[in-house]
Amino acid sequence: MQLSSTSTQRTYRHLRLAVIGAAVMTLVTLVVVTIAVGPVSSLSALYYTPGGTAFTGALFGITLGLVALSGHSVEQVLLDIAAWFAALIAVLPTPIAARDAPGVAGLCPDGTVCVPATATAAATVGIIVVAAMGILTSIVAVWLAAARHRLNAGVVVPAAVVVAVSIGFVVWLDVGQHALLAIGHLVVTGVFFCIMIAVSVVSAITARAPWRGLYIVVTVGMCVSLVYLAVVFFTHLSGAGAGQPWILFGEVALIVFFAVFWIGQTAQKWNELDPALAR
């Protein structure tokens, strides 16, 4: 019988619980804003409400949790990349219409769907900061791994991807800001959850029952929700369904499946002794 846990075990338990807590925080923010201010048509529209700080803070909490959580080989690489996209979700606002959130009427001309000018400057700064930190963090990670003679694909691959995509987003911001603001939020959200689907697939392959069944359900649920969300998002860009909660349903489903995945990971790996960086 195990009478006590190591500090490493406790750290990993708390990190996974923190990721779950950050996901729950987005849903709590939705409930509070809906009661106190009024309904929103999507979780992403919380950015424009008094709950915007809590919403983006929760996403940055997920970012830090995923960076700190080292997995096993493939999972490590995927989670490191996913963390960076979570930060981009936080700083790239979604386009909105007049009825998508309380207080946004009149921010877009002639009732169109847009990222308001009031949010453009913050998005620009946020993208540049996240890109700069992605590059800086990647350089430090590679340097530390090399200094400890542990430089391997688990470090080099995510570092290279983050640097390349960071540069790509800064270039996109420079040459196509309008397009970036129009579809950037959907792109980074889609990539983030595609990576999480891949992580869930790896977990389903490597886990035993009952965890395998749980991860299969999460994988299928995320896939269906992501396809649904893409369809309703592009419908929303055309101006149809403004003020309706169709996007909200897809986003809430993704967050719930994300939280369920991490609940499963927390329970499955509660007593894991060696959460090594790579195997």
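Colleague: Is the crossing of α1 and α2 left-handed or right-handed?

Modeller: The crossing of α1 and α2 is left-handed, meaning that the near helix is turned anticlockwise from the far one by less than a right angle (clockwise would be right-handed). This is a predicted model, in which local features need pLDDT of at least 70 and side-chain atom pairs count only at pLDDT 80 or more, while totals for chains, interfaces and linings use all residues. Residues are numbered from 1 along each chain as its sequence is written, and side-chain values use heavy atoms, with hydrogens and water left out.

Helix α1 covers residues 7–36 and helix α2 residues 52–68; helices here are DSSP runs of H or I with at least four residues, numbered from the N terminus.

On the α1 side, the contact consists of Y12, L15, V19, A22, A23, M25, T26 and T29. They meet A54, F55, A58, G61, I62, G65, L66 and A68 of α2, contact being heavy atoms within 4.5 Å. Twelve of the contact residues are nonpolar, four are polar and none is charged; nonpolar covers Ala, Val, Leu, Ile, Met, Phe, Trp, Tyr, Cys and Pro, charged covers Asp, Glu, Lys and Arg, and the others, Gly among them, are polar.

The loop between α1 and α2 holds T49. T49 has a relative accessible area of 8% and is therefore buried (under 20%; exposed is over 50%, partly exposed in between, with a 1.4 Å probe and protein chains only). Apart from residues up to four places away in sequence, T49 touches V33, V40, A101 and P102.

For comparison, here is a residue elsewhere in the chain. S200 belongs to helix α6, residues 177–206, and its relative accessibility is 0%, so S200 counts as buried. Beyond neighbours within four places in sequence, S200 contacts Y215, V218, T219 and F261. A polar atom of the S200 side chain lies 3.0 Å from the backbone oxygen of Y215. V218 is 18 residues from S200 along the chain, and their C-alpha atoms are 7.1 Å apart.

Terms used:
Axes are lines fitted to C-alpha atoms, for helices over the stretch in contact, and angles run from 0 to 180 degrees between N-to-C directions. Helices (H or I, at least four residues) and strands (E, at least two) are DSSP runs, numbered from the N terminus. A polar contact is a pair of N or O atoms within 3.5 Å; within protein, one must be able to donate a hydrogen and the other to accept it, and residues adjacent in sequence count only if both atoms are side-chain atoms.
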